[in-house]
Amino acid sequence: MDFASLLGIISGLALIISAIFLGGNADVFLNVPGLMIVAGGTIAATLLTVQFKDVLNAFKAAWIVFTRDNTNPQEMIDTMLELSRVSHRHGLLKLGDVESDSHMLKRACNLLSEAASEQVIRNTLQNEIDSLIARHHTVQDVFRKMAAYAPAFGMLGTLIGLIQMLSQLSNPDTIGPAMAVALLTTFYGSLLATMVFLPIAGKLHARTLAEVTNLEIIREGCISILTNDHYMHVYEQLSSYLPEAQRKPMKVGRGKQPASAVPGKERT
């Protein structure tokens, strides 16, 4: 699992659970009807808003993001430099033999080996980037909607509890416990929104930005290879995608073939 995600989940839950136990009886924070209202209502409203397949894709994407590392942009830059070296030594046709887990990199190499024009390569790869952004936006939007619905259903559960409480004002001993139960649904809704749904949406957005950076490196690297730029020119152009503190000296191996060794997994 991604270390930052793991640390955030553990620390957040630990602080909340510790505060509950330090405050006294933890049993008062468990209310099954309240959980049914918040969780069930949030899922139902989300399914009414978006397609069922989009909800499934959202949870699959969240699992992938939290359990797999993203490709380092520096690794992608090194890969493009290696492909540039191969093209200079063996020609563009050799790039058709490149194998990679990245669908976009494989497609880009095929376009280069087929002697496609610069405009065709640029338009094709830009369409790939735009399509990825659109797909990822749909996934992120599912969790943003759930983050909006959860507090709303929490408030709805609180209103239901208050109505039930006010109907029993003749018995003052039940007012305190009934009020606590009524407020629990608001607690559940806020907890799900701020601890689960919004962080997941934020993590997905951050991963999208990182993947877009890698895809842009592939696009610009392929254009540089097509125009037969020098290694140093390719490096200087692609390294601009990284902060200056993260840039490493250019490394281009000798005798190293890119086939089946190209890093990068494109995630949808």
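Contact, as used in this report, means heavy atoms within 4.5 Å. The structure is a predicted model, in which local features need pLDDT of at least 70 and side-chain atom pairs count only at pLDDT 80 or more, while totals for chains, interfaces and linings use all residues. Residues are numbered from 1 along each chain as its sequence is written, and side-chain values use heavy atoms, with hydrogens and water left out.

**Domains and their interface**

The domain assignment, which is automatic or taken from a database, divides the protein chain into domain 1 (1–27) and domain 2 (31–243). Their C-alpha centres are 25 Å apart. Ten residues of domain 1 and eight residues of domain 2 take part in the contact. The size of an interface is often given as the accessible area lost when the parts come together. Here buried area is the accessible area (1.4 Å probe) that two parts lose on being put together, summed over both. A salt bridge requires a side-chain nitrogen of Lys or Arg within 4 Å of a carboxyl oxygen of Asp or Glu.

| Property of the domain 1–domain 2 interface | Value |
|---|---|
| Buried area | about 650 Å² |
| Share on carbon and sulfur atoms | 67% |
| Salt bridges | zero |

Relative accessible area classes residues as buried (under 20%), exposed (over 50%) or partly exposed (in between), with a 1.4 Å probe and protein chains only. Helices are DSSP runs (H or I, at least four residues), numbered from the N terminus.

Met195 is found in helix H7 and, at 22% relative accessibility, counts as partly exposed. Beyond its neighbours within four places in sequence, Met195 is in contact with Gly8, Ile9, Gly12, Leu13, Ile16 and Ser190.

Gln74, in helix H4, is buried, with a relative accessible area of 6%. Residues up to four places away in sequence aside, Gln74 touches Leu242, Gln246, Arg247 and Lys248.

**Nonpolar cores**

A nonpolar core is a set of buried Ala, Val, Leu, Ile, Met, Phe, Trp, Tyr and Cys residues joined through side-chain atoms within 4.5 Å. The largest has 30 residues, and those with the most contacts inside it are Met80, Leu83, Leu95, Ile121, Ile218 and Cys222. At least two residues of this core come from each of helices H4 (73–90), H5 (103–113), H6 (118–166), H7 (175–226) and H8 (231–239). H7 gives the largest share, seven residues. Apart from this core lies another, of 18 residues, among them Phe66, Val139, Ala147 and Ala201.
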